[in-house]
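Here is a brief report on one chain fold.

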Amino acid sequence: MSRDLDDLYQSVILDHNKTPRNFHELPPPASHADGHNPLCGDRLTVWVDLEGDTVKDVAFLGNGCAISKASASMMTAAVKGKSRAEAMALADEFQKLVTGKLEGAAERKALGKLQALAGVSEYPVRVKCASLAWHTLKAAIAGAAEPVSTE
């Protein structure tokens, strides 16, 4: 990755950490799930308001490292308005991105701004930070009662 692109991605992450999008609770009937990364101490709750099969609204609250918070913020912007299936598929593609298993430039480009977190794959301990919100989103969509843990 070029140094300029790396700097741009770093600024996107820092912006989402400093000013997270959709950082609030959603009232019922939104479903929610709690997530925890014991290794880093990240804790968050993700709310999802579904209208039929569409993610009408999504939000999160929590504390964590810059990667965790930025990932959650970017996730909420990326899945809003998508169908349940599209949101779940995007979560799977994101997991491939941060674990270095996403092949092809077209697949990476389809992730848009989420590509800013691709560099996490070089730091295995940070993969859990980046993916916590996404695992928690999937649990909220599925209506899972058990908290999500990265361990």
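Where is the place of C40? C40 sits in the loop between β1 and β2. Helices (H or I, at least four residues) and strands (E, at least two) are DSSP runs, numbered from the N terminus.

This is a predicted model: local features need pLDDT of at least 70, side-chain atom pairs count only at pLDDT 80 or more, and totals for chains, interfaces and linings use all residues. Residues are numbered from 1 along each chain as its sequence is written, and side-chain values use heavy atoms, with hydrogens and water left out.

**C40.** Its relative accessibility is 34%, so C40 counts as partly exposed. Buried means under 20% relative accessible area, exposed over 50%, and partly exposed in between (1.4 Å probe, protein chains only). Leaving aside residues up to four places away in sequence, C40 touches C65, R126 and C129. Contact means heavy atoms within 4.5 Å. T76 is 36 residues from C40 in sequence and 21 Å away in space, C-alpha to C-alpha.

**Helix α3.** The 15 residues of α3 (residues 84-98) should span 21 Å at 1.5 Å a residue, and the end C-alpha atoms are 21 Å apart, which agrees. The expected span is 1.5 Å times one less than the number of residues. Buried in α3 are A87, L90, A91, F94, L97 and V98. Seen down the axis, these fall within an arc of 120°, so they line one face of the helix. The arc is that of the directions from the helix axis to the C-beta atoms. Their cover includes β3 (54-63), α2 (66-79), α4 (105-110) and α5 (124-142).

**Cavity.** The structure holds one cavity of 30 Å³ or more. About 50 Å³ of space lies in the largest cavity. A cavity is a set of points on a 1 Å grid over the protein atoms alone where a 1.4 Å probe fits but cannot get out; lining residues have an atom within 4 Å of a point. β2 (42-51), β3 and α2 each supply at least two lining residues. Among the lining residues are D42, F60 and K69.

**Backbone.** Most residues other than glycine have a negative phi, and most peptide bonds are trans. The table lists three sites.

| Site | Value |
|---|---|
| N22 | positive phi, about 55° |
| P28 to P29 peptide bond | cis, omega near 20° |

N22 lies in the loop between α1 and β1. N22 is buried, with a relative accessible area of 17%. P29 lies in the loop between α1 (3-18) and β1 (31-37).

Notes: 1 Å grid on protein atoms, 1.4 Å probe; cavity = no way out; pocket = protein on both sides within 12 Å on 5 of 7 lines; lining within 4 Å. Points joined across faces, edges and corners; volume = space filled by probe spheres on them.
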